[in-house]
Amino acid sequence: MYLRCTDKLPRRADSMYIHTMKHSVSNPRSVSNPRHRIVPLPCACANLRRAARIVTQRYDQHLQPVGMKATQFTLLQALTQTGNISQGTLGDVLGLDSTTLTRTLALLRRKGWIHTKAGEDRREVRLTLTAEGKRKYQSALHCWQLAQRQLRKVLGEAGWKQMIESTIFTAALAQQ
C-alpha cells in the first residue's frame, strides 16, 4: 500500500487528505526477491532518507560518465535557474545546512565551475556559474534527463506526480 496526496491541498495547512492505493508492479520477480523488498520503517525520517539515497544512487549512476555526482548537479542546476544568489539563500532553497553546502561549493569552486564573491554585506557570499560550470552543466544535462525519464517510467505518471507533490508538501510543512 502506498500513500497518495490529493491534487488539491486542504484549506488547513496542518492537515492532509490521504488515501491508499495499490501500486501495480511491472516486474513480479522483484516482489518475490527479498533483496528488493522495502521494509516499512517506523520513522518518517528513516523512510525519506532511504528513498532519497536510493534515488540519488540512480542519478549518480547516470551522471558518472560526465564525472559528476547528483549533489553537484543539483547545485549547478539551482545556480543555472537562479543566477547570482547568496549562499544563504541557496541553502534555504535546497534545504541544506551551511556546513554541507560550504563543503560541496568548495569542491565546485576547485573544479572551476562556480565563482564566489563577497556581497554588499562582507559576511554574505554570492555565487554564480563560471563559463566552465555552464559547459559542465550542459554536458551533464542529457545524463540527468535519462535518469529522470527512467525514474518517471518506473514510478508511472501517477506515482511520479504523487512523489513530487508529497515531498514538496512534506518539506513545506516540516520546515515550519
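Me: Is F73 buried or exposed, and what is its relative accessible area?
Reply: Happy to start there, keeping in mind that this is a predicted model. Buried means under 20% relative accessible area. F73 falls below that cut-off, so F73 is buried, with a relative accessible area of 1%.

Me: How many aromatic pairs does a search of the whole structure find?
Reply: Ring centres have to lie within 6.5 Å for a pair to count. With that rule, the search of the whole structure gives a total of two.

Me: What kind of aromatic pair do F73 and Y137 form?
Reply: Their ring centres are 5.2 Å apart, and the angle between the planes is 20°. Planes under 30 degrees apart count as stacked. The pair of F73 and Y137 is therefore stacked.

Me: How many residues apart in sequence are the parts that the pair of F73 and Y137 ties together?
Reply: F73 sits in helix α3, which covers residues 70-82, while Y137 belongs to helix α6, covering residues 131-174.

Me: Is Y137 buried or exposed?
Reply: The relative accessible area of Y137 is 8%. The cut-off for this class is under 20%, so Y137 counts as buried.

Me: What is the distance between the ring centres of F73 and W144?
Reply: This pair is stacked as well, because its planes are at 20°. F73 lies in helix α3 and W144 in helix α6, so the pair ties together parts 71 residues apart in sequence. Both F73 and W144 are buried. The centres of their rings are apart by 5.4 Å.

Me: Which residues do ring pairs link into a cluster?
Reply: F73 pairs with Y137, and F73 also pairs with W144. Together the ring pairs make a cluster of F73, Y137 and W144.

Me: At what angle do the axes of α3 and α6 cross?
Reply: The axes of these helices come within 10 Å of each other. α3 passes α6 in a left-handed crossing. The crossing angle is roughly 115°.

Me: Which residues of α6 make the contact with α3?
Reply: On the α3 side, the contact uses F73, L76, Q77 and T80. The residues of the contact divide into six nonpolar, three polar and one charged. From α6 come G133, K136, Y137, A140, L141 and W144.

Me: Which residues does Q77 touch, not counting residues up to four places away in sequence?
Reply: Q77 lies in helix α3. With 18% relative accessibility, Q77 counts as buried. Leaving out residues up to four places away in sequence, Q77 touches Y137 and W144.

Me: What span does α3 reach from its first C-alpha to its last?
Reply: α3 has 13 residues. The expected span is 1.5 Å times one less than the number of residues, so the expectation for α3 is 18 Å. The span in the model is close to that, at 18 Å.

Me: How far apart in space are A171 and G95, C-alpha to C-alpha?
Reply: A171 is placed in helix α6 and counts as partly exposed, at 45% relative accessibility. A171 and G95 are 76 residues apart in sequence. In space, C-alpha to C-alpha, their separation is 8.5 Å.

How values were computed: Residues are numbered from 1 along each chain as its sequence is written. This is a predicted model: local features need pLDDT of at least 70, side-chain atom pairs count only at pLDDT 80 or more; totals for chains, interfaces and linings use all residues. Side-chain values use heavy atoms; hydrogens and water are left out. Rings of Phe, Tyr and Trp (its six-membered ring) pair if their centres lie within 6.5 Å; planes under 30 degrees apart count as stacked, over 60 as edge-to-face and the rest as tilted. Helices (H or I, at least four residues) and strands (E, at least two) are DSSP runs, numbered from the N terminus. Buried means under 20% relative accessible area, exposed over 50%, partly exposed in between (1.4 Å probe, protein chains only). Axes are lines fitted to C-alpha atoms, for helices over the stretch in contact, and angles run from 0 to 180 degrees between N-to-C directions. A crossing is left-handed if the near helix is turned anticlockwise from the far one by less than a right angle, and right-handed if clockwise. Contact means heavy atoms within 4.5 Å. Ala, Val, Leu, Ile, Met, Phe, Trp, Tyr, Cys and Pro count as nonpolar, Asp, Glu, Lys and Arg as charged, and the others, Gly among them, as polar.
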